[in-house]
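Hi everyone, thanks for coming.

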Amino acid sequence: MTLSQRLKQYQTEHLRNKPTVAGKLTRVVGLTLEAVGCRAPVGSLCMVETLDAYLEAEVVGFSGDKLFLMPSEQLTGVLPGARVIPMHESHGIPVGMELLGRVIDGVGKPLDGLGDIYCKQTTKLNSERLNPMARKPIKQPLDVGVRSINAVLTVGQGQRMGLFAGSGVGKSVLMGMMTRGTTADVVVVGLIGERGREVKEFIDEILGEEGRQRAVVIAAPADASPLMRLKGCDTTLTIAEYFRDQGLNVLLLMDSLTRYAQAQREIALAIGEPPATKGYPPSVFAKLPRLVERAGNGGEDQGSITAFFTVLTEGDDLQDPIADAARAILDGHIVLSRELADSGHYPAVDIEKSISRVMPAVTSEGHQQLARQLKSLNASYQQNQDLISIGAYQRGADKRIDLAIAMKPHMDQFLQQGMKEVVAYDESLTRMERTMQMANINAQSPIN
């Protein structure tokens, strides 16, 4: 060990053993606490004295000698001049195979009533950024058990996909279908900012006992503090990264990326950051790619994280700032249509508006050609649906539209799937081939 390394080590130990100087609380506005008289870096934890206990809070900013803190729990019992004690070391997140089958909160505490989780290892929330040149290329498809995605919007191992949908069109059901049907080794599910009722319903009814055995669920519902919702997303990625580093292929489902952005917006606006786009401050658009880029393939000795980030499109507006930013940093997007859901078409995947950017790298030319033909026929029908519905279209005017009308029932039958049904990747391709063979037969038959 060199002299400079020794000095650095002694300096670190000195700072770690340095006596803690407590500050005092001077102001509380909304969810933001202001403290003076103590020093702590951004991201560190502090304990704030309350009437009967201590409240945990995180340093989210500073101005001069003032520290801005955000509580991780409900803000109650706080008095003016309360002691604020900086913590030298933050708590790590427990990681290990013991997490499988468990439900935890944003900081790794169990929520399922099954007792404490005893993991041999803990890790920090903020991991080191992967060198993009060290990542393995995406070359293998991932079976998600959903026929329309396997065949028409094929996903590769290590791909980051967006699941764009409004409220009540089947996002959670589709996530549950993928959880049960995927060939990934481990499933990590982050339920961020959802209603508390939906968390239990997703685990008990949609995920089910079979899907839960190889899954870890991180829940930070809507009534959690914005800091806890933010940490819930980081914890979800941290646990997925651990399993990837063990050489496992991970399916990551995060619902939703929009709630992550809204939590960051609440924190940033509370400490005085100016809004930029529709009330979202610049830090939101800086944090989104940092979170998304943590997923993907690892190095040669590591596994992969195939991620689906749901994006809540307010009013079904795909030009929402978060939706627009997410499309630019993800490797494709799946759009769920309210019109399809209203007509009883489930999963309500709009294959015309959806795309998988890595599909050409993980599928054969024949597979891609069949998918293009199916999407083209479906688009022909959708673009002329109004004319067909009111009877304004005359059969024989356009052979392509005639074929689309004849194939519409067969395409719907192919694209629809039961909630409990699991369709393997090879079976999905075989079914698409049969459907398109039927299209060729109809194209060659004379018009009645």
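Predicted model: local features only at pLDDT ≥ 70, side-chain atom pairs only at ≥ 80, totals over all residues.

Residues are numbered from 1 along each chain as its sequence is written, and side-chain values use heavy atoms, with hydrogens and water left out.

So, the overview. We've got 14 helices and 17 strands; helices are DSSP runs of H or I with at least four residues, strands are runs of E with at least two, and both are numbered from the N terminus. The C-alpha trace spans about 90 × 50 × 40 Å along its principal axes. Of the 448 residues, 51% count as buried, meaning under 20% relative accessible area, with exposed being over 50% and partly exposed in between, using a 1.4 Å probe and protein chains only. Contact here means heavy atoms within 4.5 Å. Among contacts with a separation of 6 or more, 72% are between residues 24 or more positions apart.

Now, inside. In soluble globular proteins, nonpolar side chains tend to be buried together. A nonpolar core is a set of buried Ala, Val, Leu, Ile, Met, Phe, Trp, Tyr and Cys residues joined through side-chain atoms within 4.5 Å. The largest one here has 56 residues, and Met178, Phe308, Ile334 and Met432 have the most contacts inside it. Helix α13, residues 399–415, gives the largest share of this core, six residues. Apart from that core lies another, of 51 residues, including Phe164 and Leu227. Back to Phe308: leaving aside neighbours within four places in sequence, its contacts include Val144, Met178, Leu251 and Ile334.

Next, helix α5, residues 226–245. From first C-alpha to last, its 20 residues reach 29 Å, close to the 28 Å expected at 1.5 Å a residue, where the expected span is 1.5 Å times one less than the number of residues. Because 19 of its 20 residues are buried, α5 is largely enclosed by the rest of the structure. After α5 comes Gly247, with a positive phi near 90 degrees.

Last stop: where is Lys136 found? Lys136 sits in the loop between β9 (121–123) and α2 (147–152). Lys136 is partly exposed, at 25% relative accessible area. Leaving aside neighbours within four places in sequence, Lys136 touches Asn297, Gly298, Gly299, Glu300, Gln302 and Gly303. Lys136 and Ser304 are 168 residues apart along the chain, yet their C-alpha atoms are separated by 8.8 Å.
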